[in-house]
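Please keep the sequence and the model side by side while reading.

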Amino acid sequence: RPCWCRPRWLARLTVPTKLPLPECDTFNRFYKQRLPGGEPAVAAASAAPDGGASVLPGSTPITRAAYGSAWDSLTPLVLVGERPDWPATRWDWSFWLRHCGDSLVLAKQRAPIFDSDRMADTLIAECTLREYIRYCRSVHTAPREEQDELPVMYMNGWDVFEEHTCLWEERIDRISGTVANTTSNEYAELHSKWGMPPPTAQVRQLCKLFVGPVGAITRMHYDNHRAHAWLCQLCGYKLYVLASPGDSEKVKPRGFSAQSGGRTHEGRLDPLDPDHVEAFIHAGGTLYATVLGPGETILAPDGWWHYAASLTPTITLMCNFWDRMNMRGLHDQFADRVGRALEKMRREKTEEGDGNTKRPKAEAAAHSKVVEFPKPKWFQVVHRPFVYLRCEPSTEAEMLKVVRSGDMIRINGRRDGWLRCCDRIAKSKDASLDEGDVGWVLEDGSPLGMGRLLLPRHELDAIDGLDGIASALQLQGALPPSAIMSQTDALRNGRMQQNESVLTGPTT
């Protein structure tokens with residue numbers, strides 16, 4: 001290991017917040033109390049029959065099984081044993097220095113960066129991987145007083161296979177016999193249907209590298225788009241703490257619920273804070289914990305909250321994936337990506353126009369007022385394949401997200417043909433949820449040459465003897481398959497027809 005010397009990239013940082021951060025303070029106290037022997041104590045905990053759960057009082061061990069064992073896609077599982085045919089088995093510290101040492105990487109003070117974090121108070125620094133690894137493997141040997149005045153910088157979520165495509169192999173994201181990963185095949189089918197290029201890049205981007213010093217923390221969260229995750233320890237030891245989806249209101253109390261739309265869902269629980277844990281368990285919650293050692297992999301099912309802390313310098317390879325249990329999430333993610341691409345193309349086409357051609361639009365009249373509902377109502381999207389949720393009641397307003405056909409939306413008001421969503425949606429990862437926008441969705445697409453885009457649930461229930469949404473689509477004048485195919489052709493040719501109002505994308 002390298003000897004400690006404060007790197008120049010770290011010395012240049014101006015720390016805007018008081019150190020240590022709350023989550024780092026609880027980690028330091030936890031480590032000192034529960035693992036006073038340092039790395040030997042960490043290794044012993046990982047090798048214990050309970051897989052290290054005893055280091056976190058009150059937690060439940062996570063089941064362990066050999067690689068190749070069946071997984072139910074519903075509960076966490078730790079995989080142990082030999083895995084000789086997997087390429088990344090041999091990717092140790094020297095491998096990364098040799099192959100990627102000169103690559104530029106980002107190190108962050110907090111991970112993940114939540115919508116509620118103030119970006120100005122979160123340090124982000126750039127350095128080479130070689131410089132970062134030297135820092136990562138030696139900072140815990142610095143004098144205690146020097147460690148206390150330094151921020152813990154974490155290299156989390158590096159898209160290594162995008163920068164170094166030569167390292168990618170199709171076997172990388174597979175765990176044979178355990179995970180029925182259908183992500184690649186499903187992406188390929190969707191891309192083929194839409195006339196898009198092969199999805200190799202999208203599949204690669206689901207695998208990311210995490211490198212961190214002692215005390216690097218991934219705060220409690222669950223992953224976007226209902227994705228499962230596997231996390232494999234290539235080097236070092238890391239503590240993982242998980243909570244089930246059924247304990248969500250205990251992990252993140254009501255009133256702080258993060259919204260979907262391409263962002264990580266954040267949790268308020270700090271599992272290393274004794275007061276947090278006591279309150280969580282007293283409320284009926286269950287924490288699951290393990291210390292993951294080199295070569296071991298943890299499977300976190302979709303919707304499961306997970307937290308991680310490096311107990312030694314670590315390298316972790318992570319992959320998000322979908323199988324038959326959570327495939328809806330992949331389709332949601334794909335629809336969101338297509339929706340944003342259509343929105344971008346529509347705006348670019350408008351900017352390139354000569355100004356004489358007017359594109360159909362729908363927006364609430366300036367003098368119109370919101371009719372408040374006495375209580376929220378559920379509406380179902382009947383327009384295929386999705387509708388847009390916008391920050392203002394206008395087809396010219398910024399897009400927040402898409403809502404797919406068949407999905408339900410909770411509505412609390414109506415304004416001149418537009419419905420107001422009950423929940424606030426942040427426009428970007430940098431925005432606070434408390435400052436998010438109210439989402440608006442067009443209810444009636446008649447001004448754009450379409451029928452009803454959404455129907456109240458009671459109207460759908462009243463359609464007697466007809467086949468659900470498909471019948472509602474026919475009754476309300478939604479688009480025929482030929483119209484959807486014309487939009488596909490437009491995408492394939494990289495253009496948009498201004499007089500087409502298909503897919504809801506260009507117009508709603």
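In which loop is Pro57 found? Pro57 is found in the loop between α3 and β1 (60-61), where helices (H or I, at least four residues) and strands (E, at least two) are DSSP runs numbered from the N terminus. This is a predicted model, in which local features need pLDDT of at least 70, side-chain atom pairs count only at pLDDT 80 or more, and totals for chains, interfaces and linings use all residues. Residues are numbered from 1 along each chain as its sequence is written, and side-chain values use heavy atoms, with hydrogens and water left out.

- Apart from neighbours within four places in sequence, Pro57 is in contact (heavy atoms within 4.5 Å) with Arg34 and Val277.
- The C-alpha atoms of Pro57 and Leu272 are separated by 9.6 Å, although these residues are 215 residues apart along the chain.
- Helix α3 (residues 39-47) contains the buried residues Val42, Ala45 and Ser46; buried means under 20% relative accessible area, exposed over 50%, and partly exposed in between (1.4 Å probe, protein chains only).
- Viewed down the axis of α3, the buried residues fall within an arc of 100°, so they line one face of the helix; the arc is that of the directions from the helix axis to the C-beta atoms.
- These buried residues of α3 pack against α2, β2 (64-66) and β12 (288-292).
- Pro40 and Ala47 are exposed residues on the face of α3 turned away from its buried side.
- Ala47 has a relative accessible area of 65%, and its C-alpha lies 9.2 Å from that of Leu292, a residue 245 places away in sequence.

**Nonpolar cores**

- A nonpolar core is a set of buried Ala, Val, Leu, Ile, Met, Phe, Trp, Tyr and Cys residues joined through side-chain atoms within 4.5 Å.
- The largest such core has 67 residues, and those with the most contacts inside it are Trp96, Tyr132, Leu209 and Leu234.
- Helix α12 gives the most to this core, with six residues.
- Leu209 is in contact with Trp96, Met155, Asn156, Gly157, Trp158, Val160, Leu234, Ile315, Thr316 and Leu317, leaving aside neighbours within four places in sequence.
- A second, separate core of 27 residues includes Val55, Val241, Phe280 and Trp305.

**Aromatic pairs and charges over rings**

- Rings of Phe, Tyr and Trp (its six-membered ring) pair if their centres lie within 6.5 Å; planes under 30 degrees apart count as stacked, over 60 as edge-to-face and the rest as tilted.
- By this rule the model has 19 aromatic pairs.
- In one of them, the rings of Phe27 and Phe30 have centres 6.5 Å apart and planes at 45°, so the pair is tilted.
- Phe27 and Phe30 both belong to helix α2 (residues 22-34), three residues apart, or about one turn of the helix, and both are buried.
- Trp194 and Phe334 form an edge-to-face pair, with 6.4 Å from centre to centre and 65° between the planes.
- Trp194 lies in the loop between α8 (183-193) and α9 (200-204), whereas Phe334 lies in helix α12 (residues 327-352), so the pair ties together parts that are 140 residues apart in sequence.
- Trp194 is buried at a relative accessible area of 12%, and Phe334 is buried at 4%.
- One aromatic cluster is formed by Trp91, Phe95, Trp96, Phe161 and Trp168.
- A charge sits over a ring if NZ of Lys or CZ of Arg is within 6 Å of the ring centre and within 35 degrees of the ring normal.
- The charged end of Arg83 sits over the ring of Trp86, 3.8 Å from its centre, and Lys377 lies over the face of Phe373, at 4.4 Å from the ring centre.

**Cysteines**

- The count of disulfides (pairs of cysteine sulfur atoms within 2.5 Å) is zero.
- The sulfur of Cys136 is 9.7 Å from the closest cysteine sulfur, in Cys235, which is too far for a bond.
- Cys136 is buried at 0% relative accessibility, and Cys235 is buried with a relative accessible area of 8%.

**Gln109**

- Gln109 is found in the loop between β4 (104-108) and β5 (124-128) and is buried, with a relative accessible area of 6%.
- Not counting residues up to four places away in sequence, Gln109 touches Thr17, Leu19, Leu21, Asp121, Thr122, Leu123, Pro151, Val152 and Met153.
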